[in-house]
Amino acid sequence: MSAPLELRGISVRFGRFDAVSDVSLAVHAGEIVGLIGPNGAGKTVTFNVASGLQRPRAGRVLIDGADVTGLPAHVRARLGLARTFQSPQLFAGMSVVENLAVAAHRFTSGGLLTDTLLYPLRRAALAEARERAEAVLRFLGLEELGGLDAGAIPIGITRLVELARAMCLRPRVLLLDEPASGLDSHETRDFVELIAGIRGALGCAVLIVEHDMDVIMPLCDEVVVMSEGQRIASGTPAEVRENPAVVAAYLGAIATDAA
Amino acid sequence: MSLRLLLAVGLGGIPLGAMYALQAMGIVLIYKTSRVFNFAQGALGMTAAYAASAIAVDRHLPMPLALVGAVLLAALIGAAMERLTIRPLRGALPRTMVTLGWLLTLQGALGFYFGNQAGRVAARPFSDQAAISVPAIALAIGWDQLAVLGIVVVFAVALAVFFRSTNLGIAMRAVAEDEQASRLLGIRVDLVSTAAWALGGAIAGLSGVLVTPLLGTLDTTTLIVFTIQALAAALVGGLTSLPLTLLGGVLLGVAQPVVSVLLGRPPGINELVAFAVILVALAVRRQGSRVDASDRGLDPTPTAPLPRGRVLWGGVAAVAVIAALLPVLGRGQWNFNLAQTAAWALAVLSIVLLTGVVGQVSLCQAVFMGVGAFGAAIATGAGVPFPVAVIAGGALAAVAGLAVAVPALRLRPLELAIVTLSLAFTADRFFYAWPPLVSNDQRRTLDVPALLQGRPYSWICIGALLAGAAAVALVRRGRTGAALTALRTSEPATEAMGFSVLAAKLRGFGMSGFLAGVAGALYAGLTGVATSTPFDTTRSILLLAFAMIAGVGSVPGALLGGLIVTFTTLTFGASNSIASGAEAASVTAITGMVFIGVMRIAPHGLAGLASRGLALYRAAGPPQPTPAAAAAQAASS
């Protein structure tokens with residue numbers, strides 16, 4: 001069986017700078033994969049290649065074995081790829097539940113003409129999107145938030161709402177871009193449990209880009225380490241932690257930071 | 001076509017091109033320090049030109065006095081703009097929209113004071129006697145043109161030195177880069193911005209006084225349309241480089257007469273060339289350049305939840321009864337006013353959809369109306385029944401909307417404002433003089449069957465408005481509406497939710513174009529003739545102003561906008577047409593001032609004020625938890 005998400009030989013170049021060189025990774029069904037590395041390692045670029053915001057110079061992206069390299073982000077989303085953003089991008093001017101309903105509309109159909117001319121026939125579909133959104137909020141215990149303006153909620157909660165919105169896509173693969181940044185250690189522990197719970201409930205695979213080892217270590221089945229645009233190691237969290245190349249990359253980065 | 005002729009017309013275009021560059025430098029200077037496009041730059045130049053004419057021609061005072069006085073006046077207005085209306089606002093787009101308010105105010109005030117017909121004698125600082133003449137290629141350049149060239153070159157060099165070597169120039173560059181950091185470094189940011197706007201105003205004034213003799217007319221539109229040329233030159237310079245701006249202006253000045261001669265001198269070709277230059281310059285502009293908060297669209301307007309259940313059906317019934325009864329209450333003029341209000345309200349509604357829901361600022365809605373009007377007139381001329389012709393006009397305008405949506409995909413909101421304004425200018429001069437659209441005498445009759453005239457026509461217009469309002473309200477509730485509202489805050493996130501931003505924008509612009517086109521066709525049907533006058537650039541800007549004043553976030557706000565149009569025509573204008581002359585000018589000026597005021601104190605318009613008042617009234621009841629408190633409560637549970 002082919003993996004829900006696979007990157008093969010991805011390279012991205014900005015001008016003369018090789019941001020990512022020949023990176024491959026696979027996220028298998030039900031697996032949580034962590035993508036780690038020092039600042040500037042090319043993690044986020046790789047992540048954007050997977051979600052379709054960045055075109056690779058070489059390499060292929062596969063969803064369930066099908067080549068989606070040339071497909072735009074919204075088609076990949078409909079194929080089951082959901083993502084969150086490093087700086088949460090909730091839709092302002094909409095309530096939390098409406099934010100989630102945007103994603104839940106993946107399962108409804110209809111366009112401009114049917115929405116306006118055949119509105120009575122469309123009410124069921126619109127109600128369905130809303131119900132899906134409310135169900136996800138209930139699952140996360142966030143029902144009270146539903147009516148709030150998404151532009152006016154505290155930053156820590158926006159991460160949860162963004163996660164809830166991604167869940168409304170019923171993803172086969174959930175892509176999380178530094179989901180724990182800005183959370184304190186207590187919130188981070190809760191968040192780790194939450195991700196594990198979501199994986200269990202949705203049965204989806206997860207790819208996490210993260211700095212925080214408190215997230216990566218307890219959560220990931222496999223960790224891929226990048227440094228300077230290249231994949232330098234992979235394995236279980238324990239294996240990676242002992243890997244000399246990884247230690248060197250991180251310590252090198254720390255030494256450079258300190259200098 | 002002889003090369004000699006082309007060479008002569010090309011070289012002859014250099015002085016005018018230099019004037020484009022001078023005006024463009026004012027735009028660049030202001031953009032560099034405050035990241036705002038001053039769309040009123042042309043209006044400032046026009047103000048100075050009128051002032052110079054009043055001083056030198058009417059009062060027979062010495063020319064140097066007129067020149068200095070006019071430039072000082074423009075500088076003063078520029079400083080006032082910054083101090084009073086730009087500084088209190090946040091965000092590049094609202095600030096840029098305020099300059100449109102100034103454009104309306106200045107244009108209206110001058111028209112009111114001096115009369116807005118052509119035929120005023122311009123002040124002429126330099127003689128138009130030939131200074132250089134090359135008989136071999138039939139080229140003659142006058143002293144005035146030569147002087148203009150010299151002044152522009154001196155100015156360009158002086159500005160470059162100013163930015164590079166003077167304290168104020170360096171401070172301006174620093175403020176442009178980072179206002180907060182500049183403040184921390186001890187730069188008096190406020191003073192620096194005011195100085196930049198004063199200098200930009202002075203440049204606009206100088207170019208206005210110098211260019212009027214070259215253009216040969218002094219009226220209240222020519223210099224405003226001139227803005228498009230300056231925008232083109234400024235964009236060639238990437239909005240930063242003064243030498244490139246100079247080069248861009250001169251090349252544009254050379255290219256326009258050459259293209260015009262090659263194509264057989266069609267009217268409006270200069271604006272068409274400038275428009276093409278703007279599109280190309282924006283397309284090749286460095287992609288992926290720094291994106292900061294000022295690049296975002298308008299802040300989302302809070303939208304009131306739609307009524308449901310009994311309230312909804314009660315409302316629908318009440319509206320239906322009122323709509324059916326209103327036309328019965330009067331005859332003749334009453335029905336004309338009703339139909340007019342409904343048609344213009346429908347036009348404002350097209351902005352509610354595009355600006356209020358999608359967050360895109362379009363300055364060419366009146367062009368869509370014009371396309372709809374002429375399209376419907378062409379259709380009835382071909383024997384199509386009137387109602388079908390109106391739909392056909394709307395469909396043609398929808399196609400125009402789609403054509404605008406394509407560049408809108410890659411443009412930031414501020415750039416889209418430039419493109420749509422330029423399109424409106426181009427329509428004024430080119431499309432409204434283009435025979436396939438407007439016929440040879442630039443007007444097409446639009447015959448409404450006698451059966452549909454009078455009271456039935458009011459019903460038609462009111463029905464169209466209600467259908468449009470219902471459609472906009474339903475779209476906002478539906479699937480497409482979810483995508484349209486979402487992409488305003490974050491296009492990447494909208495894509496990540498499975499919606500194509502391209503498809504959503506196409507739908508938004510197409511529907512907005514359709515509504516505006518139907519409105520234009522209905523208005524033309526009311527007056528029996530499609531002409532360009534009601535659909536010019538000023539009207540496009542006025543429509544946006546009406547929408548912003550009324551409240552761009554609400555469907556009822558559109559009706560308010562339509563009422564403003566009818567109220568102003570009733571109060572100031574001829575009884576059965578759009579106001580013209582001094583009355584129209586006063587309407588324009590007042591609208592401009594109210595627009596500036598609304599942007600300043602009530603960003604969500606009168607409808608926003610009303611709902612805020614309602615919220616305050618309700619808050620007197622049981623206290624509602626604040627969003628933050630409720631979120632914290634939910635998180636801890």
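In which hand does α16(B) cross α17(B)?

The crossing of α16(B) past α17(B) is right-handed. Helix α16 of chain B covers residues 365–381, and helix α17 of chain B covers residues 386–408. Their axes lie 7 Å apart, and the packing angle is about 140°. Angles over 145 degrees would count as roughly antiparallel; α16(B) and α17(B) are therefore oblique to each other. On the α16(B) side, the residues in contact are B:Phe368, B:Val371, B:Gly372, B:Ala373, B:Gly375, B:Ala376, B:Ala379 and B:Thr380. On the α17(B) side, the contributors include B:Phe386, B:Val390, B:Gly393, B:Gly394, B:Leu396 and B:Gly401. Sorted by class, this contact comprises twelve nonpolar and six polar residues, with no charged ones.

How far may we rely on these coordinates? For the complex, the predictor reports an ipTM of 0.88 and a pTM of 0.87. The mean pLDDT of chain B is 84, and 90% of its residues score at least 70. Within chain B, confidence is highest in α16(B), at a mean of 95, and lowest in α28(B), at 54. Two stretches of chain B call for particular caution. Residues 288–295 have a pLDDT below 50, and this stretch makes five contacts beyond near neighbours in sequence. Residues 574–579 also fall below 50, with 13 such contacts in the model. Where pLDDT is low, the predicted coordinates should not be read in detail.

I come now to the contact between the chains. Chain B supplies 36 residues to it and chain A supplies 39. On the chain B side, the elements giving two or more residues are α20 (455–477), α21 (479–489), α22 (491–496), α23 (501–527) and α28 (627–636). Of these, α21(B) gives the most, with eight residues. The chain B side as a whole divides into 20 nonpolar, twelve polar and four charged residues. I would note that α28(B), one of the elements on this side, is also where the confidence of chain B is lowest.

Let us move to chain A and its sheets. One is an open sheet of six strands, in the order β6-β7-β8-β3-β9-β10, with mixed pairing. Its edges are β6 (81–83) and β10 (230–235), each of which pairs on one side only. From one strand to the next, the twist averages 20°. A:Arg83 has A:Leu175 of β7(A) as its bridge partner.

A further open sheet of chain A has four strands, in the order β2-β1-β4-β5, and here the pairing is antiparallel. The edge strands are β2 (17–27) and β5 (66–67). Two bridges join β4 (residues 58–63) to β5(A), and the bridge partner of A:Ile63 in β5(A) is A:Ala66.

Which strands does helix α1 of chain A lie across? In the six-stranded sheet, α1 (residues 43–51) lies across β3, β6, β7, β8 and β9, running at about 150° to β7(A). In the four-stranded sheet, α1(A) lies across β1, β2 and β4, at about 120° to β1(A).

Note on methods: Residues are numbered from 1 along each chain as its sequence is written. Chains are lettered from A and ligands numbered from 1 in the order in which they are written. This is a predicted model: local features need pLDDT of at least 70, side-chain atom pairs count only at pLDDT 80 or more; totals for chains, interfaces and linings use all residues. Axes are lines fitted to C-alpha atoms, for helices over the stretch in contact, and angles run from 0 to 180 degrees between N-to-C directions. Angles under 35 degrees count as roughly parallel, over 145 as roughly antiparallel, 65 to 115 as roughly perpendicular and the rest as oblique. A crossing is left-handed if the near helix is turned anticlockwise from the far one by less than a right angle, and right-handed if clockwise. Two residues are in contact if their C-beta atoms, placed from the backbone, lie within 7 Å. Ala, Val, Leu, Ile, Met, Phe, Trp, Tyr, Cys and Pro count as nonpolar, Asp, Glu, Lys and Arg as charged, and the others, Gly among them, as polar. Two strands pair if DSSP finds at least two bridges between them. pLDDT is the predictor's confidence in each residue, from 0 to 100.
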